[in-house]
Amino acid sequence: MTFKRETQDDLDAEAEILDYIAKKSDCEWRKLGNGGKYRIDAVMHSGGEVRAWFEVKDYKRSLFLGLNVPKYIEGCNLATSTAIPFIFGFRYEGKVGIIKIHGGGPFEDVSPQLRMAGGTPKGRKPNPDDVEPMYMFSEDDVRWL
């Protein structure tokens with residue numbers, strides 16, 4: 001059985017971040033995750049044409065530039081299969097940043113390190129997989145909007 005791990009506060013924060021990025025890029029977005037078909041959060045589109053695949057995070061205490069392996073693989077596979085970028089968008093200290101993980105070409109755009117990482121957000125029940133293999137990115141890869 002799969003449990004949704006995003007709270008309503010998480011979904012609201014995600015929507016704020018996606019709204020900001022969509023406005024900056026003259027696009028609209030649609031939620032994808034939590035429905036069973038996709039592991040990643042959203043898709044950006046314009047005039048019905050898909051522009052980017054997105055994973056989104058809102059960081060309140062520290063900037064944690066990591067994606068778990070299944071989300072990373074799905075995003076990169078979507079980018080490779082569709083020739084459309086996979087982007088990691090996030091907010092930290094009131095600023096929104098993005099990392100273009102995969103540009104949709106034959107190669108990734110960044111070189112993450114695979115590490116054991118993660119943790120349990122404050123106020124949530126710990127899960128056994130809160131610390132797991134994660135692809136970690138460099139702050140040098142961030143483009144602040």
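Me: How many salt bridges does the structure hold?
Reply: The structure holds 8 salt bridges. Keep in mind that this is a predicted model.

Me: Which residues are linked in a network of salt bridges?
Reply: That network links Glu16, Asp58, Lys60 and Arg91.

Me: Take Lys60 and Asp58. What's the N to O distance in that salt bridge?
Reply: For Lys60 and Asp58 the N to O distance is 2.6 Å.

Me: And how far apart are the closest N and O atoms of Asp58 and Arg91?
Reply: In the salt bridge between Asp58 and Arg91, they are 2.9 Å apart.

Me: Is Arg91 buried or exposed?
Reply: Arg91 is buried, at 18% relative accessibility, because the cut-off for buried is under 20%.

Me: What about Lys60, buried or exposed?
Reply: Lys60 is exposed, its relative accessible area being 66%. Asp58, which pairs with Lys60, is partly exposed at 23%.

Me: Different topic. Which side chain does Glu49 meet in a salt bridge?
Reply: Glu49 meets the side chain of Arg51, at 3.4 Å from N to O.

Me: What are the accessibility values there?
Reply: Glu49 has 47% relative accessibility and counts as partly exposed. Arg51 is also partly exposed, with a relative accessible area of 40%.

Me: Why can such side chains pair at all?
Reply: Side chains can pair because they carry opposite charge and their charged atoms come close.

Technical notes:
Residues numbered from 1 in each chain as written. Predicted model: local features only at pLDDT ≥ 70, side-chain atom pairs only at ≥ 80, totals over all residues. Heavy atoms only, no water. Salt bridge = Lys/Arg side-chain N within 4 Å of Asp/Glu carboxyl O. Buried < 20%, exposed > 50% of the residue type's maximum accessible area, 1.4 Å probe, protein only.
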